[in-house]
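Let us walk through this structure step by step. Keep the sequence and the coordinates at hand.

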Amino acid sequence: MKKSAVLIVILVVNGIMSNVFSQTKTSLKNLLNNVVEDAVNSVTNKITTLTPEDIAGTWKYSAPACEFESGEVLKDAGGKLIAAEVESQLTDIYSKAGITASTFGYSFADSTFTNQYKKINLKGVYSLNGTDKQIDMTYQVAGLIRLGESSAKIEKNGDKLVLLFDAQKLVKILSTLSAKTSSTTLKTVNSILSNYKDVLIGYELTRQ
């Protein structure tokens with residue numbers, strides 16, 4: 001084979017290999033990106049928009065939850081310690097109020113919900129803003145009389161559901177329950193929770 005022909009063959013092969021290598025790098029990059037994205041999503045179970053189907057089912061209380069309305073507060077260690085302290089206090093408060101895994105929870109179905117507290121099941125309707133992660137719940141008697149309303153920030157991560165209320169709004173919910181149970185302890189809890197300012201507090205729930 002002549003030198004010129006050999007050179008042409010080498011250039012062609014190099015061109016093919018370069019193209020293959022370039023495509024391989026792109027494929028590997030895409031594959032790596034997909035793997036990383038899948039891994040992150042599998043860890044966080046991130047849901048960009050919640051739907052009624054996402055929250056359908058029964059959820060039981062598992063732990064208190066809190067979040068400062070200003071995310072800036074939690075950017076330093078001090079803020080995280082404050083949040084941890086609030087949650088620690090809520091653990092004791094909820095326990096005294098009888099809010100436990102066996103006595104408290106929510107069930108969601110279509111546009112209706114049931115809020116279980118001890119032996120009482122309060123029913124109502126809800127509307128879900130899945131993009132802004134907000135749920136508005138209206139408690140009703142016999143499906144007609146409004147007993148009370150509450151709005152909460154709602155977040156879902158795998159089999160965990162978090163409901164976060166303004167402290168004053170959570171007090172209203174517990175006041176509704178208190179009125180139904182005539183619980184002196186719960187009324188005391190309400191007065192304690194009313195002292196929380198600029199913080200969202202609520203519950204972490206586990207799917208049953």
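Leaving aside neighbours within four places in sequence, which residues is phenylalanine 165 in contact with? The model is a predicted one. In it, phenylalanine 165 touches Tyr106, Met137, Ser150, Ser151, Ala152, Leu170, Ile173, Val199, Leu200, Ile201, Gly202 and Tyr203.

Start with the overall layout. The protein has 208 residues, and 33% of them are buried. Five helices and eight strands make up its secondary structure. Along the sequence, the order is α-α-β-α-β-β-β-β-β-β-α-α-β. Take the contacts between residues at least 6 apart in sequence: 60% of them join residues at least 24 apart. The exposed surface comes to about 12,200 Å². Carbon and sulfur atoms supply 57% of that area.

Now go inside. In soluble globular proteins, nonpolar side chains tend to be buried together. Here the largest nonpolar core holds 38 residues. Phe165 is one of the members that touch the most others, along with Ile99, Tyr106, Phe108, Ile135, Ile201 and Tyr203. Helix α3, residues 77-97, gives this core its largest share, six residues.

Next, follow strand β8. This strand spans residues 199-207, and seven of its nine residues are buried. What does β8 pair with? Strand β1, residues 57-68, is one partner: the two run antiparallel and share nine bridges. Within β8, leucine 200 stands opposite glutamate 67. Strand β7, residues 160-166, also runs antiparallel to β8, with seven bridges joining them. There, leucine 164 has glycine 202 of β8 as its bridge partner. Both leucine 200 and glycine 202 are among the contacts of phenylalanine 165.

Turn to the charged side chains. Side chains of opposite charge can pair when their charged atoms come close. How many salt bridges does the structure hold? There are four.

One of them links lysine 153 with glutamate 67, at 2.5 Å from N to O. Lysine 153 sits in strand β6 (residues 145-157) and glutamate 67 in strand β1, so this pair ties together parts that are 86 residues apart in sequence. Is lysine 153 buried or partly exposed? Its relative accessible area is 29%, so lysine 153 is partly exposed.

Another salt bridge connects lysine 160 and glutamate 204, whose closest N and O atoms are 3.8 Å apart. Lysine 160 belongs to strand β7 and glutamate 204 to strand β8, so the contact ties together parts 44 residues apart in sequence. Lysine 160 counts as partly exposed, at 28% relative accessibility. Glutamate 204 is partly exposed too, at 26%. There is also a network: salt bridges with shared partners join Glu67, Lys153 and Glu155.

A further pair lies within a helix. Lysine 96 forms a salt bridge with aspartate 92, and their closest N and O atoms are 3.3 Å apart. What separates these two in helix α3? They are four residues apart, which means about one helical turn. Lysine 96 counts as exposed, at 55% relative accessibility. Aspartate 92 counts as partly exposed, at 40%.

Return to the model with two residues in mind. Phe165 belongs to the group with the most contacts in the largest nonpolar core. Glutamate 67 stands opposite leucine 200 in β8 and meets lysine 153 in a salt bridge.

Methods
Residues are numbered from 1 along each chain as its sequence is written. This is a predicted model: local features need pLDDT of at least 70, side-chain atom pairs count only at pLDDT 80 or more; totals for chains, interfaces and linings use all residues. Side-chain values use heavy atoms; hydrogens and water are left out. A nonpolar core is a set of buried Ala, Val, Leu, Ile, Met, Phe, Trp, Tyr and Cys residues joined through side-chain atoms within 4.5 Å. Buried means under 20% relative accessible area, exposed over 50%, partly exposed in between (1.4 Å probe, protein chains only). Contact means heavy atoms within 4.5 Å. Two strands pair if DSSP finds at least two bridges between them. A salt bridge is a side-chain nitrogen of Lys or Arg within 4 Å of a carboxyl oxygen of Asp or Glu. Accessible areas come from the Shrake-Rupley method with a 1.4 Å probe; for residues, only the protein chains shown count as cover.
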